[in-house]
Amino acid sequence: MATPAAPAGGARSGAGPEWGGFEENIQGGGSAVIDMENMDDTSGSSFEDMGELHQRLREEEVDAEAAVAEEEDGEFLGMKGFKGQLSRQVADQMWQAGKRQASRAFSLYANIDILRPYFDVEPAQVRSRLLESMIPIKMVNFPQKIAGELYGPLMLVFTLVAILLHGMKTSDTIIREGTLMGTAIGTCFGYWLGVSSFIYFLAYLCNAQITMLQMLALLGYGLFGHCIVLFITYNIHLHALFFLFWLLVGGLSTLRMVAVLVSRTVGPTQRLLLCGTLAALHMVFLLYLHFAYHKVVEGILDTLEGPNIPPMQRVPRDIPAVLPAARLSATVLNATAKAVAVTLQSH
Amino acid sequence: MAKAAESSGDPGTTSPRPLFAGLSDISISQDIPVEGEITIPMRSHIREFDSSTLNESVQNTIMRDLKAVGKKFMHVLYPRKSNTLLRDWDLWGPLILCVTLALMLQRSSVDSEKDGGPQFAEVFVIVWFGAVTITLNSKLLGGNISFFQSLCVLGYCILPLTVAMLVCRLVLLAEPGPINFMVRLFVVIVMFAWSIVASTAFLADSQPPNRKALAIYPVFLFYFVISWMILTFTPQ
């Protein structure tokens, strides 16, 4: 049966311009994934079908008598085969069109490729930018360069979240009607996005030359100092040490951000307003992070409960300057002793 | 009876033949059936496969899925560079692990004053949104791994930490003390390292070679947060 195969093949290959668009439709021109299910051979098959139909109609004319009985059968089967094939193709085309529209809408709104250029960094670049964020540069007559990337800032915010969690756990922070994780994420991301937007707005008022992306990157890298300070002082709880680090490390990273902004702003009042606001917010945030999560904080969400809940109770805890291992074991001891006592009481 | 008419064109000419000319050379004899469905063999194979999994018993389906999940657990426990987790990814394993971990980490909410521990929903959200974030990050850095493959790998690599949680709970039943804490710390650290090694073995190949560290760091943070939740868990 090589004969039908050869002309069919020839017909398929000779089908170029007329059927070319059809084949392209079938194979889904827009998508990057070639779905084997949709690579239908129906173009060739419908061809064969049509050829078959033509042939059958020709045979009917030749053999009228025997073809009457068989014509009905043949036509029935041929028509059914042809219609089935056609309907399948139509359904296939509709599916392709629907899929194309859906993927276009999806790629328009959920395109992460918009963010791709901001993540185009090398590890060496990230390292050098982290170190540079602690070194203020005193060039104020020419706008200083800010790297517009989002990987470093995003990772620093997540690191700050992790450090905050660690700090909240070791100091037994208790948050009612909220969660530790939610608070940590909300605080860090809220600071990064909120203060960036606010300073960007102020920069717009003060006619400073900085874009939103640059502001996000600048403030994000400024959190590196915060991460270092909190990481050290959540483990070594000496207040004097904390204040020293606050001034030194916090001050350095703030100075760096201030220098960059000053180099991009014209006019003494504007410079003062912008840089003063940023410096105040940045330093106060570090203070807040250290002190708020070292005490028991019954959150403001308490007041949403109603009048039958007792008002906010602040129980300051004196945390001795000991190593965290012993501290945690003391907690465990206390907790277990309490549990044992409760069990003994209930029996 | 299916005799073909003669072709109008001369077979020997070199002029371009009309489109349907070749079809007239077909002679279809009677006893060869020309009706029936024209299907591609692969497609019919797929259809057959689908209907066969629909018709099989529930026990068969569940056992098949459990075996697949178990096989992947073995791959996580003995991480080699292999493609199994990536090739046939599934999210059953991560779901089982996440639910187990969340259930074990849940504090009893009877004593609501000390309610500071992670609740079920918190652990669930952390695991899944953490995995989504890491996947987005690795895709943005230029990795060529699909979304669900990455979720699958990250979810399966929580297995060592779930084992650590079980061990910690057992250890907490024993007498307390600094030894107790040291044992738990050691177990959690070992399992944390194991998780990172396992996920690196699977994920590292999909990243551009010079940016592996950038893609692995968020994985490190993710498992660090989970390890910290496990380590500081104290049943009240």
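This is a predicted model: local features need pLDDT of at least 70, side-chain atom pairs count only at pLDDT 80 or more; totals for chains, interfaces and linings use all residues.
Visitor: What about F148(B)?

Guide: F148(B) is partly exposed, because its relative accessibility is 37%.

Visitor: Where does S146(B) lie?

Guide: S146(B) sits in the loop between α5 (120-140) and α6 (147-156) of chain B. Its relative accessibility is 31%, so S146(B) is partly exposed. For a distance to look at, take L136(B): the C-alpha atoms of S146(B) and L136(B) are 9.8 Å apart, and the two residues are 10 apart along the chain.

Visitor: How many aromatic pairs are there over all chains?

Guide: The search of the whole structure gives 17 aromatic pairs. Take F147(B) and F148(B): the ring centres are 5.3 Å apart and the planes meet at 80 degrees, so this pair is edge-to-face. The angle decides, because over 60 degrees counts as edge-to-face.

Visitor: How is the pair of F192(B) and F220(B) classed?

Guide: The centres of F192(B) and F220(B) are 5.5 Å apart and the planes are at 55 degrees, so the pair is tilted. This pair links distant parts of the chain: F192(B) is in helix α8 (residues 178-203) and F220(B) in helix α9 (residues 212-231) of chain B, 28 residues apart.

Visitor: Which class of accessibility does each of F192(B) and F220(B) fall into?

Guide: F192(B) is buried, at 15% relative accessibility. F220(B) is partly exposed, with a relative accessible area of 36%.

Visitor: Which residues of chain A do ring pairs link into a cluster?

Guide: The cluster holds F242(A), F243(A), W246(A) and F291(A).

Visitor: Now charges. How many salt bridges are there over all chains?

Guide: First the general idea. Side chains of opposite charge can pair when their charged atoms come close. Over all chains, the search finds 5 salt bridges. One of them joins D120(A) and R211(B), with 2.5 Å between the closest N and O atoms. D120(A) is in the loop between α4 (64-109) and α5 (123-132) of chain A, and R211(B) is in the loop between α8 and α9 of chain B, so the pair joins two chains. R211(B) is buried, at a relative accessible area of 10%.

Visitor: What does E149(A) pair with in a salt bridge?

Guide: The partner of E149(A) is R129(A), at 2.8 Å from N to O. The pair links distant parts of the chain, with R129(A) in helix α5 and E149(A) in the loop between α5 and α6 (151-170) of chain A, 20 residues apart. E149(A) is buried, at 3% relative accessibility.

Visitor: Which residue forms a salt bridge with K72(B)?

Guide: D90(B) does, and the closest N and O atoms are 2.5 Å apart. K72(B) lies in helix α2 and D90(B) in the loop between α3 (84-87) and α4 of chain B, so the bridge ties together parts 18 residues apart in sequence. K72(B) is buried, with a relative accessible area of 4%. D90(B) is buried too, at 12% relative accessibility.

Visitor: Which residues do salt bridges that share partners join into one network?

Guide: D120(A), E122(A) and R211(B) make up that network.

Visitor: Which residues form the nonpolar patch on the surface?

Guide: The patch consists of V58(B), I62(B), M63(B), L66(B), W92(B), L95(B) and I96(B), with about 650 Å² of accessible area together. Helices α2 (58-77) and α4 (92-105) of chain B each give two or more residues. The most come from α2(B), with 4 residues. W92(B) is in helix α4 of chain B.

Visitor: How many helices and strands are there in chain B?

Guide: Chain B has 9 helices and 0 strands. Of its 236 residues, 42% are buried. The accessible surface of chain B is about 12,800 Å², and 66% of that belongs to carbon and sulfur atoms.

Visitor: Which residues of chain B does UniProt list for "transmembrane region"?

Guide: The unreviewed UniProt entry lists 91-108, 120-141, 147-174, 181-203 and 215-234 of chain B. Check the record against the model. Residues 120-141 of chain B are 95% helix and 0% strand, with end C-alpha atoms 32 Å apart. Residues 215-234 of chain B are 85% helix and 0% strand.

Key:
Residues are numbered from 1 along each chain as its sequence is written. Chains are lettered from A and ligands numbered from 1 in the order in which they are written. Side-chain values use heavy atoms; hydrogens and water are left out. Rings of Phe, Tyr and Trp (its six-membered ring) pair if their centres lie within 6.5 Å; planes under 30 degrees apart count as stacked, over 60 as edge-to-face and the rest as tilted. Buried means under 20% relative accessible area, exposed over 50%, partly exposed in between (1.4 Å probe, protein chains only). Patches are made of residues with over 30% relative accessible area and no salt bridge: like charges are joined within 9 Å, nonpolar side chains (Val, Leu, Ile, Met, Phe, Trp, Tyr) within 5 Å. Accessible areas come from the Shrake-Rupley method with a 1.4 Å probe; for residues, only the protein chains shown count as cover. A salt bridge is a side-chain nitrogen of Lys or Arg within 4 Å of a carboxyl oxygen of Asp or Glu. UniProt positions are given in the numbering used here, feature names are shortened, and annotations may be inferred rather than shown by experiment.
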